[in-house]
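Me: I have a structure open here and want to talk it through. Can you take my questions as they come?

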Amino acid sequence: MRKYIIHITVLLLSLSAYTSFAQMELVEKALNFYNNGQLDSAKANIDKGLNDPETVSDYQPWLIKGYVYKELYKKKELNDPSSQYREIAIQALKKALELDKAKEQESNTIQNLKFLGSKYNNDAIKFMDSTNYELSEALFDKYISIYSAYDPSFSADTNRMQYYITLGLRFQDYFEATNSENMRKLAESYYLRALKINPNTKITNKNFALLYYNEGVNIINSTDFDIDLEKLYVVQQQAVDMFKKAEPYMLKAYSVDPKDIDVIEGLRNIYQSLNDMEKVDFYNKKYNELKK
Amino acid sequence: MSFTFGIHFACDRFMRKFLIIFLSIFFLSFDLVDYSFYQKDDTPSKIKATHLYVFTKYFEWPENSASTFNITILGESTGLMNELSKLSATKTVGSKKITIRQVSSLSNEDAPEILFILSDKSHSLADAVAKYKGKGTLIVTEKQGLAKVGSAVNFVIVENNIKFELNKTSVGKAGLKVSSKIEPLAVKVLE
């Protein structure tokens with residue numbers, strides 16, 4: 001039998017306060033089953049034990065429930081992003097925290113909540129793809145919600161921004177690979193969300209600019225040499241519109257880091273595509289200076 | 001009555017360590033995943049090359065028995081040469097194969113069907129006009145004002161777009177005919 005008690009932090013459960021012996025017995029049984037690794041039996045007993053109005057007002061049965069469900073999650077649903085065991089474990093631990101007025105187990109409870117929260121983050125990362133991104137976002141929201149509530153050093157904004165940038169990059173990759181307009185729009189929407197949190201981030205501005213720039217290049221590249229001049233002018237204007245969209249974001253990236261050679265190269269390319277040779281020369285000089 | 005309660009720290013500690021490593025890689029990767037995939041293509045060159053090819057449908061060259069249609073670039077442009085190479089590999093003018101040549105100065109070789117004088121070689125325009133007068137060479141330039149001084153077609157930038165001016169007199173002097181259908185597409189037509 002698996003030895004569950006690996007490193008022991010002792011929680012003294014003083015159950016003698018319960019007036020109902022039957023309920024106390026159920027909680028006690030649940031704890032014993034839990035310690036013996038008999039999680040299904042532990043679950044059945046703790047669920048029953050928590051039917052009593054007196055039991056539900058004590059934090060300890062809730063804590064036991066949280067641990068039991070957490071272990072069930074780890075054992076049975078670790079790869080299930082919609083795990084109900086995890087959901088229930090979190091709700092139980094939250095309830096325990098709320099009832100633990102003396103903060104006897106506050107630290108441990110929070111640690112376990114964070115553990116389960118971090119699993120949402122892992123799942124969110126795992127599902128960052130073109131078909132599961134909505135699920136990923138929902139999971140990420142849960143992660144943010146738990147960490148925001150229980151980790152004072154946690155910055156929801158920073159984490160959200162990084163998450164949105166990563167999704168933006170992911171969809172930019174998909175767009176480059178498939179030329180799908182939908183992928184471009186998704187990349188655009190995630191970059192905009194990242195910029196809403198912090199409009200002065202170099203990487204977001206640079207990549208957002210690049211998204212538009214590459215779209216402009218793709219528009220031109222997809223034209224055939226046989227195209228009518230009227231159509232060529234329509235296509236050219238569409239590309240110019242994209243290059244103009246790219247310009248302010250690349251300039252912002254440049255203002256954040258004027259020494260970033262990729263950004264300078266980006267500006268040079270944008271202005272070349274806009275046929276603005278004066279600015280091409282300006283950024284070309286900067287580029288060559290940094291290359292030295 | 002009291003009970004002991006085991007908390008699975010070792011397991012969680014392992015998971016946390018794993019998580020920290022994972023997240024570190026994940027978040028550090030923001031510096032690494034910086035999307036540096038620039039499309040290197042030179043879009044103005046693609047547009048100019050496309051114009052040169054489309055011009056073959058609007059201009060009429062004197063009959064000749066050559067099997068090739070020759071485009072000469074006076075000046076240096078890697079982007080343009082790349083685009084014209086793609087053009088010559090995939091397109092023909094009528095039944096003629098397109099050949100592309102890049103030169104740094106006007107040579108004594110046969111007159112090409114199209115001579116594109118790049119902006120840094122604009123000073124060669126007068127010589128080119130004199131050299132190829134009546135020989136069926138369409139002279140194309142890309143510097144403001146050159147349509148007035150001898151080039152038949154001059155690329156200009158209008159609100160960030162590449163457009164062209166047409167000088168019908170220069171077309172005639174070069175020994176070429178031009179379809180009136182191209183006139184509405186030019187930003188300026190000089191008689």
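This is a predicted model: local features need pLDDT of at least 70, side-chain atom pairs count only at pLDDT 80 or more; totals for chains, interfaces and linings use all residues.

Me: OK, chain B. How many helices and strands are there?
Reply: Chain B has five helices and eleven strands. Of its 191 residues, 52% count as buried. Among contacts in chain B with a separation of 6 or more, 60% are between residues 24 or more positions apart.

Me: What order do the strands take in the sheet?
Reply: Eight strands of chain B make an open sheet in the order 4-5-3-6-7-8-9-11, with mixed pairing.

Me: And which ones are at the edges?
Reply: Strand 4 and strand 11 (188–190) of chain B are the edge strands, each pairing on one side only.

Me: Stay at the strand 4 end. Parallel or antiparallel to strand 5?
Reply: Antiparallel: strand 4 (residues 92–93) and strand 5 of chain B pair over two bridges. V93(B) has K96(B) in strand 5 as its bridge partner. The two strands form a hairpin with two residues between them, and G94(B) in that turn has a positive phi of about 60°.

Me: Which way does strand 3 run against strand 5?
Reply: Strand 3 (residues 68–74) and strand 5 (residues 96–103) of chain B run parallel and are joined by seven bridges. One position to look at is T72(B), which stands opposite R101(B) in strand 5.

Me: How many bridges between strands 8 and 9 of chain B?
Reply: Six, and strand 8 and strand 9 (residues 161–167) of chain B run antiparallel. V153(B) stands opposite L166(B) in strand 9.

Me: Buried or exposed, E159(B)?
Reply: E159(B) is exposed, because its relative accessibility is 66% and the cut-off for exposed is over 50%.

Me: Where is N275(A), and what is its phi?
Reply: N275(A) sits in the loop between helix 12 and helix 13 of chain A. Its phi is positive, about 60°, although N275(A) is not a glycine. N275(A) has a relative accessible area of 12%, so it counts as buried, the limit being under 20%.

Me: New topic. How many residues are in the largest nonpolar core?
Reply: The largest nonpolar core has 125 residues. L52(B), F55(B), F59(B), L138(B) and F164(B) have the most contacts inside it. Helix 11 (residues 229–256) of chain A supplies the largest share, twelve residues.

Me: What does L138(B) touch?
Reply: Leaving out neighbours within four places in sequence, L138(B) is in contact with residues including F55(B), F59(B), W61(B), L115(B), V153(B) and L176(B). There is also a second, separate core of nine residues, among them L74(B), L115(B), I117(B) and L146(B).

Me: Back to chain A. Where is F208(A), and is it buried or exposed?
Reply: F208(A) is in helix 10 (residues 202–221) of chain A. It is buried, with a relative accessible area of 0%. Not counting residues up to four places away in sequence, F208(A) touches E188(A), Y191(A), L192(A), L195(A) and Y249(A).

Me: Now the holes. What is the volume of the largest pocket?
Reply: The largest pocket has a volume of about 780 Å³. It is lined by 32 residues, and M277(A), P44(B), K48(B), S119(B) and E142(B) lie nearest its centre. Helix 3 of chain B gives the most to this lining, six residues. By class the lining has ten nonpolar, ten polar and twelve charged residues.

Me: How many cavities of 30 Å³ or more?
Reply: One. The largest cavity has a volume of about 40 Å³.

Key
Residues are numbered from 1 along each chain as its sequence is written. Chains are lettered from A and ligands numbered from 1 in the order in which they are written. Side-chain values use heavy atoms; hydrogens and water are left out. Two strands pair if DSSP finds at least two bridges between them. Helices (H or I, at least four residues) and strands (E, at least two) are DSSP runs, numbered from the N terminus. A nonpolar core is a set of buried Ala, Val, Leu, Ile, Met, Phe, Trp, Tyr and Cys residues joined through side-chain atoms within 4.5 Å. Buried means under 20% relative accessible area, exposed over 50%, partly exposed in between (1.4 Å probe, protein chains only). Contact means heavy atoms within 4.5 Å. On a 1 Å grid over the protein atoms alone, a cavity is a set of points where a 1.4 Å probe fits but cannot get out, and a pocket is an open set with protein on both sides within 12 Å along at least five of seven lines; lining residues have an atom within 4 Å of a point. Grid points are joined across faces, edges and corners, and a volume is the space filled by probe spheres set on the points. Ala, Val, Leu, Ile, Met, Phe, Trp, Tyr, Cys and Pro count as nonpolar, Asp, Glu, Lys and Arg as charged, and the others, Gly among them, as polar.
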